[in-house]
Amino acid sequence: MEEIYGEFFDAMNQIRKIRIGDLFPEMTKADCMTLMAINHYNRMKEGDILKVSELAEKIHTKPSAVSRTLKNLEEQGLITRTVNQADRRNTYVTLSEYGREACEKMEHTMSEFAEAVLSRMDKEDLKRLVTYLNELHQVAIEEIELRKNRRE
């Protein structure tokens with residue numbers, strides 16, 4: 001059983017090492033993730049404004065790191081930041097038109113990439129893989145909860 005554990009973690013590590021960011025050489029990984037998170041939020045909550053603190057929470061990053069990334073995105077003209085005049089502690093972030101266009105291009109590139117990769121695999125194997133990965137996720141979440149409860 002030890003051997004399969006090693007093979008499993010090696011395989012997972014190989015997937016983690018895939019450098020999707022190489023598809024977008026003009027941006028850092030943080031830039032891409034942040035931009036896509038803002039775009040996703042805007043689509044899901046049309047009309048709502050996104051606070052920088054909420055964004056940091058959504059992408060599981062410290063607010064200071066998000067602020068540095070947002071500064072870079074703002075300098076590139078991809079986003080705009082607005083300080084709430086009533087409560088200056090709150091800053092809001094939105095995509096610029098250029099940012100929306102960049103997100104569309106990134107989504108198109110990712111879609112083409114996914115199609116090219118997945119089309120080279122057997123459809124039934126992919127369905128089984130997705131089922132197994134979902135099951136693995138659920139079991140891992142349950143195990144983490146069990147371990148947290150034991151500590152308390």
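Student: Phe 9: buried or exposed?
Tutor: Exposed, because its relative accessibility is 55%. The cut-offs are under 20% relative accessible area for buried, over 50% for exposed and partly exposed in between, with a 1.4 Å probe and protein chains only.

Student: What are we working from?
Tutor: A predicted model, where local features need pLDDT of at least 70, side-chain atom pairs count only at pLDDT 80 or more, and totals for chains, interfaces and linings use all residues. Residues are numbered from 1 along each chain as its sequence is written, and side-chain values use heavy atoms, leaving out hydrogens and water.

Student: And Phe 8, how does that count?
Tutor: Partly exposed, because its relative accessibility is 32%.

Student: How many aromatic pairs in the whole structure?
Tutor: The search finds one. Phe 8 and Phe 9 form it, edge-to-face, at 5.0 Å centre to centre with 75 degrees between the planes. Rings of Phe, Tyr and Trp (its six-membered ring) pair if their centres lie within 6.5 Å; under 30 degrees between planes is stacked, over 60 is edge-to-face, the rest are tilted.

Student: Switching topic. Where is Asn 90?
Tutor: In the loop between strand E2 (79-83) and strand E3 (91-95). Strands (E, at least two residues) and helices (H or I, at least four) are DSSP runs, numbered from the N terminus.

Student: Is that residue, Asn 90, buried or exposed?
Tutor: Asn 90 is buried, because its relative accessible area is 17%.

Student: What is Asn 90 in contact with, leaving aside neighbours within four places in sequence?
Tutor: Lys 51, Thr 82, Val 83 and Asn 84. Contact means heavy atoms within 4.5 Å.

Student: Pockets now. How much space lies in the largest pocket?
Tutor: About 400 Å³. A pocket is an open set of points on a 1 Å grid over the protein atoms alone, where a 1.4 Å probe fits, with protein on both sides within 12 Å along at least five of seven lines; lining residues have an atom within 4 Å of a point. Points join across faces, edges and corners, and the volume is the space filled by probe spheres set on them.

Student: Which helix gives the largest share of that lining?
Tutor: H5, with four residues. Helix H1 (2-16), helix H5 (97-118) and helix H6 (123-151) each supply at least two. The lining residues include Met 12, Phe 113 and Leu 133.

Student: How does the lining of the largest pocket divide?
Tutor: Twelve nonpolar, no polar, no charged. Ala, Val, Leu, Ile, Met, Phe, Trp, Tyr, Cys and Pro count as nonpolar, Asp, Glu, Lys and Arg as charged, and the others, Gly among them, as polar.

Student: And the lining of the second largest pocket?
Tutor: Eight nonpolar, one polar, four charged. About 330 Å³ of space lies in that second largest pocket.
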